[in-house]
Amino acid sequence: MIQYEGLGWRVARDSSRAYFPVLLGADRFAIELTHHEWNSLESLIRNLLKEYQGLLNQLMEEESLSVELERNVWWGCLEGDRKSWSLQLVLDGKGEPSRRGVEIYWPSPASKAVTDAMRKIWDSSQT
């Protein structure tokens with residue numbers, strides 16, 4: 001089991017669990033994700049961060065930005081400025097009768113910490 005946790009966030013992955021191996025949480029919520037949900041979240045998070053990094057040099061100090069993307073069952077919005085940002089995610093509950101829907105939000109600085117932890121887990125599973 002891999003687990004990371006900080007002020008206002010947590011992420012854990014237990015590959016021995018067949019159906020819901022990943023847990024994402026904050027102060028007031030926690031959700032377990034399937035392999036498919038977790039893997040498609042990776043694409044969304046990596047692309048949101050890439051877009052954000054690509055726009056930073058174009059921002060003046062007092063400007064803010066919002067980057068929104070959709071990937072598979074996820075919608076995400078990274079919102080902030082040159083120094084900090086928040087992250088909102090929506091897992092689309094439409095379609096299959098058994099599919100869950102959820103909204104997730106991490107304010108700054110928890111958003112950066114949790115995405116750093118997610119990337120560590122994704123990177124460690126690829127080695």
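This is a predicted model: local features need pLDDT of at least 70, side-chain atom pairs count only at pLDDT 80 or more; totals for chains, interfaces and linings use all residues.
Residues are numbered from 1 along each chain as its sequence is written, and side-chain values use heavy atoms, with hydrogens and water left out.

**Aromatics.** I looked up ring pairs (Phe, Tyr and Trp rings, the six-membered one for Trp, with centres within 6.5 Å; planes under 30 degrees apart are stacked, over 60 edge-to-face, the rest tilted). The structure has 3 aromatic pairs. One of them is F29 with W106, a tilted pair at 5.9 Å centre to centre and 55 degrees between the planes. F29 sits in strand β4 (residues 29-33) and W106 in strand β8, 77 residues apart, so I logged this as a link between distant parts of the chain. For the element labels, I kept in mind that helices (H or I, at least four residues) and strands (E, at least two) are DSSP runs numbered from the N terminus. Is W106 buried or exposed? W106 is buried, at 0% relative accessibility.

**Salt bridges.** My criterion was a side-chain nitrogen of Lys or Arg within 4 Å of a carboxyl oxygen of Asp or Glu. I got 8 of them in the structure.

R100 is partly exposed at 26% relative accessible area, whereas E37 is buried at 7%.

Next I checked R46 with D123, where the closest N and O atoms are 2.7 Å apart. This pair also links distant parts of the chain: R46 belongs to helix α1 and D123 to helix α2 (residues 110-125), 77 residues apart. Both ends are partly exposed, R46 at 30% and D123 at 38%.

Which residues does E61 bridge to, and how far apart are the closest N and O atoms? E61 pairs with K83, at 2.9 Å. E61 lies in the loop between α1 and β5 (65-71) and K83 in the loop between β6 (74-80) and β7, so the bridge ties together parts 22 residues apart. I have E61 as partly exposed at 47% and K83 as exposed at 68%.

Last entry: salt bridges with shared partners join E42, R46 and D123 into one network.

Definitions and conventions
Buried means under 20% relative accessible area, exposed over 50%, partly exposed in between (1.4 Å probe, protein chains only).
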